[in-house]
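Let's take a walk through this protein together. Have a look at the fold before you read on.

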Number of protein chains: 2
Amino acid sequence: MSAEITARPKSRAQKRTNDPEGMRKKVLDVAEEAFQARGYQASSMGDLMATAGVTGGALHHHFATKKALALAVIEERVAAAVEETWIEPVRMAPSAREGVRSVFAAVAAELEQQGFVRGCPLNNLAHELSLADPDFRIALAGIFSGWRQAIADKISADQQAGRELGTDPQRFAALAVASYSGAMSMAKTAQDASVLRDCLMALEQGVMSSKTGTRRRNRILHRAL
Amino acid sequence: MSAEITARPKSRAQKRTNDPEGMRKKVLDVAEEAFQARGYQASSMGDLMATAGVTGGALHHHFATKKALALAVIEERVAAAVEETWIEPVRMAPSAREGVRSVFAAVAAELEQQGFVRGCPLNNLAHELSLADPDFRIALAGIFSGWRQAIADKISADQQAGRELGTDPQRFAALAVASYSGAMSMAKTAQDASVLRDCLMALEQGVMSSKTGTRRRNRILHRAL
DNA sequence: TCCAAAACAGGACAGTCATCCTGTTTTACA
DNA sequence: TGTAAAACAGGATGACTGTCCTGTTTTGGA
C-alpha cells in the first residue's frame, strides 16, 4: 500500500519521496502508533524501522536516539491529540460544564463502537516515562498542565458571564482531567468503556456534594444538561 | 545489612535462611519495589537478582519466568496494597463519603511529606501490562473491580441506614476510584501532590452538579464534612 | 554544470536480556 | 541414619536491542 513511498525512483523528475519531510512524518506516525499500542520500551527500533519501511540510517538521521524520537512524539503528536480531543472542543462549547460532558460522552461512544480500549495516549506515556527521565516528565507535565488550564480558563470565561460563580476553576479542571484519566485507565484495564459513563453520570449528579438533596436537585438539572 | 541471610551457614544447627520462604519473600519484596519504581520492562532479572542477593537458579526455582514473578507481585502485593490503603479504611469509616475523603487526605499528606510521587502501584502496572498480556490484564482488572465494589458496598450500607438515598453506588465508586487514579497520575507526572487536594475539594463541593446552588449548599456541607 | 551538504542505505557492534542447564546442598520423612 | 525431593549455586547461551559508521544518492544554490 505504501510501496510507492518507499520505492526508489530512478528519474530526476520524480523525487525520492513524494512529499517533503515524508520520511520523518512516516516514522512519527509509526512511533506514535507503536508507543500507544505497546508502550515505549516494548517498541524496538527494529520494529519501528520495519513497520515504517525505513532503514536504520534514515531513522538515525531524523532522530539521533530513541529518546529523541519519543520526545518528538510527545511534543508533536500527543500534545496535538489532547488539543484536538479536549482543548478545542471545550473552547468551542457553550460552557465548561457542557464541554467536559460532551467530550466524555464522545469518547465513551467512540470506544464503545470500536470495541476495545487503548487508553489515553498522554496517560499511557506519562505512566511509563515520567519517572524514567526528567525530560520526558517535564514534557508530559506541560501537556497535563495545559489541558487543565484550558478547562479552568473556560470556567473563568463562564464566570465573567455571570455563571459558575461558586466554582473554583483550578479544582474543577483538576477533577475533570483526573476523573477522565482514571476512568480511561480502568476502561483500558477492563477493556470496557462503561466506567466512563458511570463517571460522567456521577459527575453530573455531583455525588460527593450533598447528603440528602442530591436526588431532588438532579430533577431540575437534567433539563439543563 | 542482609549478609547474614545470603551468607552460607556452615553448621547443621543454622539454616540456610533464618525464616521459611525467606528467599521467595525477598525476591517479591525487591520485585515489588522495582516494578513500582522503574516498571516491569525496565526491571531486568539481573538487577532483581543482584538487589535481592539471589542467584539465577534460586530465582528460577521460585518463579519460572519473569511473567510468573510479576503475576505473583500483582496478586500478592498489589492487591494487598489496595486492600490496606483503600478497602479496609473505607470499610471502617463512618460512611463511604467520609472514607473516601479520609483516604484522599491521608495519601495527599503522605506524598507531601515524603517529597516525591511514585504513583499508584495498581495504576502503574495496569498501564504497562494491561495490553501486553491477557493474564496481567485480568488480574489487574480484578483488583480494580474489587476496589470499586468495596466502595459501592459501603454506599449500599449507608443506604440501609437511611443515608445516601440519592446516590448510585456503582457510579459513586467509579468516580471515587477514577478521580483518585487520575489525580495520582498527574501528581506522579508533575511530581506534585497538590492536584490530589484540588480533586478532593472539587469532589466535596460537587463541582459538576449545579449551575447556581453550589455556593449556598456548600456553606451547609462544610459543617458536615 | 558543479559541488557541498543533507538525506538515506545497510550492515557492524558491543552490550543486555530472559531463560535454561548441570551440579551441589539442604530438607522432610521413614 | 538413609534417601528422595526440594532448594539453591552459578555460569552458558542465543536472541535481541540501541547505536553508530562508512558509503551512496539526492538536493539546493552558485
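To follow the next step, you need to know what "buried" stands for: a residue is buried if 20 or more other C-beta atoms lie within 10 Å of its own. With that in hand, 44% of the 225 residues of chain A count as buried. Keep in mind that you're looking at a predicted model.

What is chain A built from, helices or strands? It has eleven helices and zero strands, so, going by the definition of these elements, reading along the sequence gives you α-α-α-α-α-α-α-α-α-α-α.

Now for the inside. In soluble globular proteins, nonpolar side chains tend to be buried together. Here, the largest nonpolar core has 128 residues, and A:I151 and B:I151 have the most contacts inside it. Which residues does A:I151 touch, if you skip its neighbours within four places in sequence? Among them are A:V90, A:A96 and A:V100, along with A:F172, A:A173, A:A176 and A:V177.

Finally, look at where the two chains meet. Chain A puts 59 residues into the contact, and chain B puts in 61 residues. On chain A's side, the elements giving two or more residues are α7 (121–129), α8 (134–160), α9 (169–190), α10 (194–205) and α11 (214–224). The largest share, 17 residues, comes from α9(A). Sorted by class, this side of chain A has 27 nonpolar, 20 polar and twelve charged residues.

Key:
Residues are numbered from 1 along each chain as its sequence is written. Chains are lettered from A and ligands numbered from 1 in the order in which they are written. This is a predicted model: local features need pLDDT of at least 70, side-chain atom pairs count only at pLDDT 80 or more; totals for chains, interfaces and linings use all residues. Two residues are in contact if their C-beta atoms, placed from the backbone, lie within 7 Å. Helices (H or I, at least four residues) and strands (E, at least two) are DSSP runs, numbered from the N terminus. Ala, Val, Leu, Ile, Met, Phe, Trp, Tyr, Cys and Pro count as nonpolar, Asp, Glu, Lys and Arg as charged, and the others, Gly among them, as polar. A residue is buried if 20 or more other C-beta atoms lie within 10 Å of its own, exposed if 12 or fewer, and partly exposed in between; C-beta atoms are placed from the backbone. A nonpolar core is a set of buried Ala, Val, Leu, Ile, Met, Phe, Trp, Tyr and Cys residues joined through C-beta atoms within 7 Å.
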